[in-house]
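Reader: Before I rely on any label attached to this structure, I would like each one set against its definition. Could you take me through them?

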Amino acid sequence: MEEFKNQSESFFREVRSIEIYRALDVSYINAFNGVFPDPIKVLYVFHLLPETLSRSILSKRRLGNDFTAVDINFPLLDLSSDNIKKCEEYFNRKGFAIIEVTNVDKILYGNSRESLKIDFIDNRLNNNSGDDEYTIAISGETIIKPKITNL
C-alpha cells in the first residue's frame, strides 16, 4: 500500500509568465525526456497577473490511449494598437509549444509532433464599461505528459 500525505504546501504557487516557442524548436524526443528548449529560442513572453489566468490541464483517455488536453487562457490587458497588430500577426494558428513559468517551477507543453494552437480572441465590449480585453487562448492535445522542472 502506498500512502499519500494530503497536506498543503508551505508556500503559494502562482504562474508568473508564459513563454511561447515554435513547436519545431521542441523535439518530440526532448519533450518526452524532459529536456526544455534553449531559452534563447523563445519567441514571445507574456508576463501575467496570476489571478487573470484560467487553465485546465486534463488527463484523458481515448480508445485506450492516454493524452493530455491543454486549455490555457489569459487576457491581453494592454490594448495598444501595436500589441493588437502583433498578436493578430503572430497568432490564430497552430505550431507552438509553451512553458508555463511559476514562482517555483516551469512546465512544458507541446512539441514538434503535437503542437499547440494559440488563438487571439477579440472580447472588446466597447460599451464604456472598462471591461475591454482580448484573450490569448492556448489549446491542444499531447500524448506526452507535461514535464516539470524546478527553478
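Predicted model: local features only at pLDDT ≥ 70, side-chain atom pairs only at ≥ 80, totals over all residues.

Reader: Why is glutamate 100 called buried?

Author: Buried means under 20% relative accessible area, with a 1.4 Å probe and protein chains only; glutamate 100 has 1% relative accessibility, and therefore counts as buried.

Reader: What makes the pair of glutamate 100 and arginine 55 a polar contact?

Author: Their side chains are joined at 2.9 Å, and the term requires N or O atoms within 3.5 Å, one able to donate a hydrogen and the other to accept it, while residues adjacent in sequence count only if both atoms are side-chain atoms.

Reader: What is meant by a cavity, and how many are there of 30 Å³ or more?

Author: On a 1 Å grid over the protein atoms alone, a cavity is a set of points where a 1.4 Å probe fits but cannot get out. The search of the whole structure finds one of 30 Å³ or more, and the largest cavity has a volume of about 40 Å³.

Reader: How much space lies in the largest pocket, and which residues lie nearest its centre?

Author: A pocket is an open set of points with protein on both sides within 12 Å along at least five of seven lines, and lining residues have an atom within 4 Å of a point. The largest pocket holds about 300 Å³ of space, and among its 17 lining residues Val45, Phe46, His47, Leu76 and Asn83 lie nearest its centre.

Conventions
Residues numbered from 1 in each chain as written. Heavy atoms only, no water. Points joined across faces, edges and corners; volume = space filled by probe spheres on them. Buried < 20%, exposed > 50% of the residue type's maximum accessible area, 1.4 Å probe, protein only.
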